[in-house]
Structures are given as C-alpha cells and as structure tokens.
Amino acid sequence: MPTPRQARQLRAVARQLCCNSLVRAIGPTPWTVTWLLLGLCTAFAFGDESIYLHQTLAEVLNKKFHFTGPLTFAWTIVYWPMAAMASIVLVRYLRTMHPRVRRLLLPGGVLYVTGAILIEPVKSELADRFGEGTIQMEMAAALSDSMQLIGLALLVGSLLTALSLLTPEIRLSLRTRRG
C-alpha cells in the first residue's frame with residue numbers, strides 16, 4: 001500500500017517530467033521524447049501504486065502458475081521490460097545530460113528501481129520462509145519503501161534542476177485562503 005508521501009512524490013515526478021517535455025517542445029530536441037517517456041512511465045507507476053495493480057497482478061499470476069520462493073510476488077516479471085526500456089532510453093542521453101541533473105537522476109533512479117523491483121524477490125523469499133507480517137518481512141518492506149522514497153526525492157530534485165536549466169525564469173506564488 002503506497003504511503004501518501006509516495007503517492008505525492010510519484011505524482012510530482014510524473015507532472016514534472018511531462019512539464020520538462022512541454023518546455024522542450026518549444027524548441028524540440030532529443031530530450032523532448034525522453035522527458036515525455038519518463039513522465040508516462042512515472043504516471044503509470046503512480047497509477048499502479050494508487051490502485052494496487054501490481055498486487056492484483058501478483059495474485060492472478062500466483063493463482064495461475066503457483067509461484068513460490070523468489071517469484072511469490074511475480075509482478076516484477078511483467079514490470080522488468082518497462083524498467084529496462086526506460087533505462088535504455090536514459091543511457092542514450094547520459095553523456096549529453098547536464099552533470100547536475102545526472103548526479104541526482106542516476107542515483108535516484110537506481111534507488112527507486114532497486115527498492116521497487118530488485119528487493120521484491122528477497123521479500124518473496126522471506127514471505128515464503130517466515131510468513132508475511134514477520135519482522136524479517138517487515139524489515140525488508142521498510143528497506144524497500146525507504147529506498148523508493150529516497151530515490152523519488154532525488155528524482156524530484158533532478159527534475160527541478162533540469163527545469164531550472166531549461167527555463168530562464170520560474171515564478172511561483174502561493175496564495176492562502178483567508179477565512
């Protein structure tokens with residue numbers, strides 16, 4: 001179950017990636033498509049976390065194929081191609097990416113993917129061996145969620161850095177309601 005903070009961060013990252021794409025649409029470059037693709041992938045991840053699509057998918061796969069061990073949470077099998085595609089697209093542009101953006105984007109992406117996908121087989125094994133709700137499973141889940149949140153924070157930072165480099169000026173005003 002996503003925390004409200006995870007949901008807000010995923011929504012913010014998706015919005016920012018799409019905004020970066022739109023800013024670049026004024027003067028199209030290879031990054032326009034990259035920002036848009038990453039924005040759509042992040043929007044999908046937000047939707048998935050919001051409606052628990054991956055948990056539902058894991059249940060369906062387990063009922064059909066009776067996975068155990070590292071594949072108990074089998075939804076990762078389906079999500080690997082999306083992660084691989086986003087990685088391939090990013091790798092193409094790493095050299096042309098501004099160093100400040102790259103220094104935040106790479107570790108943020110690695111932490112998020114590690115927490116979201118790579119730790120799942122470990123959690124699957126722990127759930128099979130010790131049961132769900134055990135201290136071992138809860139610690140692995142806490143590690144996974146922490147990595148995802150830190151990764152998302154770094155991704156938001158990288159996107160704000162990219163936006164600051166793409167636009168000459170950003171004005172933000174906050175208004176409060178007076179009751």
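**Figure 1. Lys-123 counts as buried, at 11% relative accessibility, in this predicted model**. Its partner is Glu-120, and the two side chains meet in a salt bridge. The N to O distance is 2.9 Å. Glu-120 also counts as buried, because its relative accessibility is 6% and the cut-off is under 20%. Both residues lie in helix H6 (residues 120–130). They are three residues apart, about one turn of the helix.

**Figure 2. Glu-125 forms a salt bridge with Arg-129**. The closest N and O atoms are 3.4 Å apart. Glu-125 and Arg-129 are four residues apart in helix H6, so about one helical turn separates them. Glu-125 counts as partly exposed, at 28% relative accessibility. Arg-129 counts as exposed, at 58%. The structure holds two salt bridges.

**Figure 3. Helix H3 (residues 53–65) packs with helix H4 (residues 75–93)**. The angle is about 125 degrees and the axes are 8 Å apart. That makes H3 oblique to H4. From H3, Leu-53, His-54, Leu-57, Ala-58 and Leu-61 take part in the contact. They meet Trp-75, Val-78 and Tyr-79 of H4. Seven of the contact residues are nonpolar, one is polar and none is charged.

**Figure 4. Helix H4 has buried residues that include Trp-75, Thr-76 and Tyr-79**. Ala-83, Ala-86, Val-89, Leu-90 and Tyr-93 in H4 are buried too. H4 has 19 residues, which at 1.5 Å a residue should span 27 Å. The end C-alpha atoms of H4 are 29 Å apart, which agrees.

Notes
Residues are numbered from 1 along each chain as its sequence is written. This is a predicted model: local features need pLDDT of at least 70, side-chain atom pairs count only at pLDDT 80 or more; totals for chains, interfaces and linings use all residues. Side-chain values use heavy atoms; hydrogens and water are left out. Axes are lines fitted to C-alpha atoms, for helices over the stretch in contact, and angles run from 0 to 180 degrees between N-to-C directions. Helices (H or I, at least four residues) and strands (E, at least two) are DSSP runs, numbered from the N terminus. Angles under 35 degrees count as roughly parallel, over 145 as roughly antiparallel, 65 to 115 as roughly perpendicular and the rest as oblique. Contact means heavy atoms within 4.5 Å. Ala, Val, Leu, Ile, Met, Phe, Trp, Tyr, Cys and Pro count as nonpolar, Asp, Glu, Lys and Arg as charged, and the others, Gly among them, as polar. The expected span of a helix is 1.5 Å times one less than its number of residues. Buried means under 20% relative accessible area, exposed over 50%, partly exposed in between (1.4 Å probe, protein chains only). A salt bridge is a side-chain nitrogen of Lys or Arg within 4 Å of a carboxyl oxygen of Asp or Glu.
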